[in-house]
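Please go through the following points with the model open beside you.

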Amino acid sequence: MINFRVDNLKNMNACLKPFLDYLRSADVDDDAVFDSRLVSCELISNVLKHLGETASFEGAINADNIVITVSSENTDGKKIEAKLPDVFAESGRGLYIIKTICRGNIFSDGCSVKVYISRHKT
């Protein structure tokens, strides 16, 4: 399991590197590693931009999935939803894309989002 906190988008890639290395060392499919990076970046960016000053990240692997949880201590009463945004919407696409990549396996409790990504793409 890999845990870290990030408070600046400029630090995000450096913080994610150990997690991506962890996935590769566990023989996770290259496409799943790519999807994990995309999902992680979207979730961390959303927390930093919309919810708080620091994003907390937790990434792990189980028998079938990569499990990623990103959270913030500060929600300001905002609710996280992964619904299809209006075609002209300026925001909301990121969570919808995440939901599609994760095949609907996205769960939120207001200040935290947990996703499951198949570790072997078919």
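1. In this predicted model, strand S3 (residues 65-71) and strand S5 (residues 112-118) pair in the antiparallel sense over seven bridges, where strands are DSSP runs of E with at least two residues, helices are runs of H or I with at least four residues, both numbered from the N terminus, and pairing requires at least two DSSP bridges between two strands. Within this pair, Ser71 has Ser112 as its bridge partner, and Val70 stands opposite Val113.

2. On another side of the pairing, S3 runs antiparallel to strand S2 (residues 55-61) and is joined to S2 by six bridges, one of the bridge partners being Ile68 for Gly59; a hairpin of three residues connects S2 to S3.

3. Six of the seven residues of S3 are buried, that is, under 20% relative accessible area with a 1.4 Å probe and protein chains only, whereas exposed means over 50% and partly exposed lies in between.

4. The open, antiparallel sheet has five strands in the order S1-S2-S3-S5-S4. Because strand S1 (2-6) and strand S4 (106-108) each have a single partner strand, one side of each is left without a neighbour in the sheet.

5. Asp27, in the loop between helix H1 (9-25) and helix H2 (30-51), has a positive phi near 60 degrees although Asp27 is not a glycine, and it counts as exposed at 63% relative accessibility.

6. Residues are numbered from 1 along each chain as its sequence is written. Local features need pLDDT of at least 70 and side-chain atom pairs count only at pLDDT 80 or more, while totals for chains, interfaces and linings use all residues, and side-chain values use heavy atoms, leaving out hydrogens and water.
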